[in-house]
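Here is a short briefing on one protein chain. Look over the fold first, then read the points below.

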Amino acid sequence: MTGVRLTAWARGRVQGVGFRWWTRARALELGLVGWARNTPDGRVEIVAEGSREDCARLLELLRGGDTPGRVDGVVERWSEAKGGSAGFVER
């Protein structure tokens with residue numbers, strides 16, 4: 001797979017509100033692969049791989065305000081795609 005890997009951490013009221021499910025749905029619509037999982041500190045970690053354009057669009061959606069719950073901020077890290085994922089899953 002060629003492309004990029006977006007790793008993002010969303011903070012706010014993002015656990016127990018359908019945020020991972022919503023993120024999965026948006027990622028699948030964009031043709032991305034990866035996963036979203038809750039972290040012990042209350043954030044949601046999102047790892048998505050695909051084109052830079054599609055990953056950037058997912059990041060915009062995460063920051064857009066139309067998510068379940070409430071996103072107070074998103075921090076991202078970009079890297080090369082590692083591959084190995086099929087589909088997009090909630091962990």
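In this predicted model, 10 bridges link β1 to strand β4 (residues 70–80), and the two run antiparallel. One of the pairings sets G12 against V71 in β4.

**Strand β1 and its neighbours**

- β1 also pairs with β3, again in the antiparallel sense, over seven bridges.
- Within that pairing, T7 stands opposite V47 of β3.
- Buried here means under 20% relative accessible area.

**The sheet**

- Five strands form an open sheet in the order β4-β1-β3-β2-β5, and the pairing is mixed.
- β4 and β5 (88–90) are the edge strands, each pairing on one side only.
- From one strand to the next, the twist averages 15°.
- The pairing of β2 with β5 is parallel and rests on three bridges.
- Across that pairing, A36 faces E90 in β5 as its opposite residue.
- Strands of a sheet pair through backbone hydrogen bonds, in either a parallel or an antiparallel sense.

**Helices on the sheet**

- α1 lies across β1, β2, β3, β4 and β5. Its direction is at about 175° to β5.
- α2 packs on the sheet as well, where it touches β1, β3 and β4. The direction of α2 makes about 165° with that of β4.

**Helix against helix**

- Two packed helices are described by the angle between their axes and the distance between the axes.
- Helix α1 spans residues 19–29 and helix α2 spans residues 52–63. Their axes come within 10 Å and cross at roughly 145°.
- The crossing of α1 and α2 is right-handed.
- Which residues make the contact? On the α1 side they are F19, W22, T23, R26 and A27. On the α2 side they are L58, L61 and L62.
- By class, the residues of this contact of α1 with α2 are six nonpolar, one polar and one charged.

**A loop residue: G42**

- G42 sits in the loop between β2 (33–38) and β3 (44–50).
- Leaving aside residues up to four places away in sequence, G42 touches G12, V14 and Q15.
- G42 and Q15 are 27 residues apart along the chain, yet their C-alpha atoms are separated by 6.6 Å.
- One of these contacts, G12, is also the bridge partner of V71 in β4.

**The chain as a whole**

- The protein chain has two helices and five strands.
- Read from the N terminus, its elements run β-α-β-β-α-β-β.
- The radius of gyration is 12 Å, close to the 12 Å that the globule rule gives for 91 residues, so the chain is as compact as a globular protein of that length.
- Along its principal axes, the C-alpha trace spans about 35 × 20 × 20 Å.
- Of the 91 residues, 41% count as buried.
- How much of the contact pattern joins residues at least 24 apart? The share is 77%, among contacts between residues at least 6 apart in sequence.

Key: Residues numbered from 1 in each chain as written. Predicted model: local features only at pLDDT ≥ 70, side-chain atom pairs only at ≥ 80, totals over all residues. Heavy atoms only, no water. Axes fitted to C-alpha atoms, helices over the stretch in contact; angles between N-to-C directions. Helix = DSSP H or I, 4+ residues; strand = E, 2+ residues; numbered from the N terminus. Left-handed = near helix turned anticlockwise from the far one by under 90°. Contact = heavy atoms within 4.5 Å. Nonpolar A, V, L, I, M, F, W, Y, C, P; charged D, E, K, R; others polar. Pairing = 2+ DSSP bridges. Rg over C-alpha atoms; globule rule 2.2 N^0.38 Å. Buried < 20%, exposed > 50% of the residue type's maximum accessible area, 1.4 Å probe, protein only.
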